[in-house]
Amino acid sequence: MTDGRQRNLLLLGFGNVGRAFARLVTEKRDELAGRYGVSFGFCGIVDVGGAVVDPAGNLPVADILRHVEAGRAPEDFPGFGRPGLSAPEAVRSVPADFLVEATPTSLRDGEPARTHVLDGLRAGCHVLSANKGPFIWDYEGIMEAARERGRMVGLSAATAAALPTLDVAELCLAGSRILSVEGILNGTTNYILTRMHQTGCRYEEGLREAQRLGIAETNPSLDVEGWDTANKLILMANRVFQAGLTPRDVAVEGITAITPDRIGRAREAGRVVKLIGRIDPGSDPVRVTVGPEELPLDHPLAAVNGSEKAVSFETDSMGRITVSGGHSSPVGAAAALLKDALRISLYHAKSFSRSSKASSSR
Ligand SMILES: NC(=O)C1=CN([C@@H]2O[C@H](COP(=O)(O)OP(=O)(O)OC[C@H]3O[C@@H](n4cnc5c(N)ncnc54)[C@H](OP(=O)(O)O)[C@@H]3O)[C@@H](O)[C@H]2O)C=CC1
Ligand SMILES: N[C@@H](CC=O)C(=O)O
């Protein structure tokens with residue numbers, strides 16, 4: 001049961017994922033209201049140059065998307081544009097039910113998104129993040145801030161997005177002991193390796209195609225050097241196994257040294273090269289590794305191709321559970337943000353009574 005009020009979203013980052021999220025929520029607005037009794041509106045959208053703001057949560061998103069897709073900046077949108085309003089200023093001054101973090105992931109220190117997230121929690125927002133940066137560096141600090149204020153943090157979009165990973169580990173495998181996790185968790189590198197395998201092209205060519213699809217990171221070295229995979233595993237290890245890991249604790253090798261020759265030799269031997277991430281929850285401390293591996297063709301991850309991903313859990317009482325699909329895409333990331341927004345709205349409805357002062361009934 002919800003209280004019938006609209007949930008207002010403050011979106012930070014209006015790139016591939018931010019725009020896909022704004023479009024998805026807007027297109028599904030009536031369907032969501034009908035199916036779940038939950039209605040979402042946008043009270044702010046922020047990028048580097050400024051913002052569009054409507055504290056009542058009724059931003060005309062379809063018009064703003066058309067404006068931006070015509071090559072104009074959101075902050076120049078008539079009536080709602082706020083040139084120069086920064087993300088920290090928006091978080092402090094625009095009341096919202098949800099802060100949605102979709103700015104680029106920083107491997108260096110998670111900033112400025114870490115500050116956005118902490119300030120959002122302090123302002124009473126639930127947080128939905130596609131950005132991994134804050135959580136690889138300060139997972140426990142952020143969760144502590146959320147617990148203190150009774151707020152929730154949705155990380156589906158940051159942990160392989162359309163491919164369910166945390167949901168499987170936390171819900172579907174509840175009561176089982178997870179003995180190991182392995183997966184293909186980065187669509188960009190899987191796309192590149194698949195193209196190299198199929199056409200013999202070099203990795204740079206596959207990367208350009210992945211960038212055209214909008215799935216590569218803003219800084220694509222995060223993908224090809226293995227860090228995007230590692231970051232997803234760090235988040236999973238911290239949430240599911242309370243591992244307390246940061247990027248300093250993991251061993252990471254990417255695919256930049258993989259040549260068409262190496263792919264060809266693997267193919268001739270009946271094997272396929274994949275970028276595999278692993279969590280060993282039984283080691284102390286929990287061990288996370290990422291690196292290219294040659295898999296035999298009957299391995300459960302060998303047939304995961306293109307921008308699709310997969311995660312495989314070995315458990316004590318449910319055997320091996322492998323989930324595959326959920327290809328990387330901005331829409332998939334948007335759908336994962338929406339999934340968390342719905343879940344929090346439905347299962348934590350009482351938490352909105354204090355934070356939705358600015359929300360309007362519809
Ligand atoms: N692309 C994908 O398929 C997926 C991406 N993700 C994650 O989602 C996040 C966004 O990715 P994506 O949309 O592809 O990236 P983009 O580079 O397409 O978009 C990033 C957006 O953030 C804005 N931005 C950058 N810095 C700031 C800031 N300090 N304050 C406000 N806005 C800022 C940029 O503005 P400007 O354009 O003006 O620079 C741009 O609008 C990343 O953290 C990524 O890891 C997660 C799942 C899938
Ligand atoms: N760059 C990532 C997308 C976000 O997580 C990928 O290629 O999977």
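I began with a term: helices (H or I, at least four residues) and strands (E, at least two) are DSSP runs, numbered from the N terminus.

**Setting up.** I noted that this is a predicted model, where local features need pLDDT of at least 70 and side-chain atom pairs count only at pLDDT 80 or more, while totals for chains, interfaces and linings use all residues. Residues are numbered from 1 along each chain as its sequence is written, and chains are lettered from A and ligands numbered from 1 in the order in which they are written.

**Lys132.** I looked up where Lys132 sits and found it in the loop between strand S6 (126–129) and helix H6 (133–149). The unreviewed UniProt entry annotates Lys132 as "binding site"; UniProt positions follow the numbering used here, feature names are shortened, and annotations may be inferred rather than shown by experiment. Is Lys132 buried or exposed? I call Lys132 buried because 28 other C-beta atoms lie within 10 Å. (Buried needs 20 or more other C-beta atoms within 10 Å of the residue's own, exposed 12 or fewer, partly exposed in between; C-beta atoms are placed from the backbone.)

I traced Gly13 to the loop between strand S1 (6–12) and helix H1 (16–27). Gly13 is buried, as 24 other C-beta atoms are within 10 Å. Beyond four places in sequence, Gly13 touches Gly18, Asp47, Ala102 and Thr103 (contact means C-beta atoms, placed from the backbone, within 7 Å).

**Val17.** I found Val17 in helix H1. Val17 is buried too, with 29 other C-beta atoms within 10 Å.

Key
Contact = placed C-beta atoms within 7 Å.
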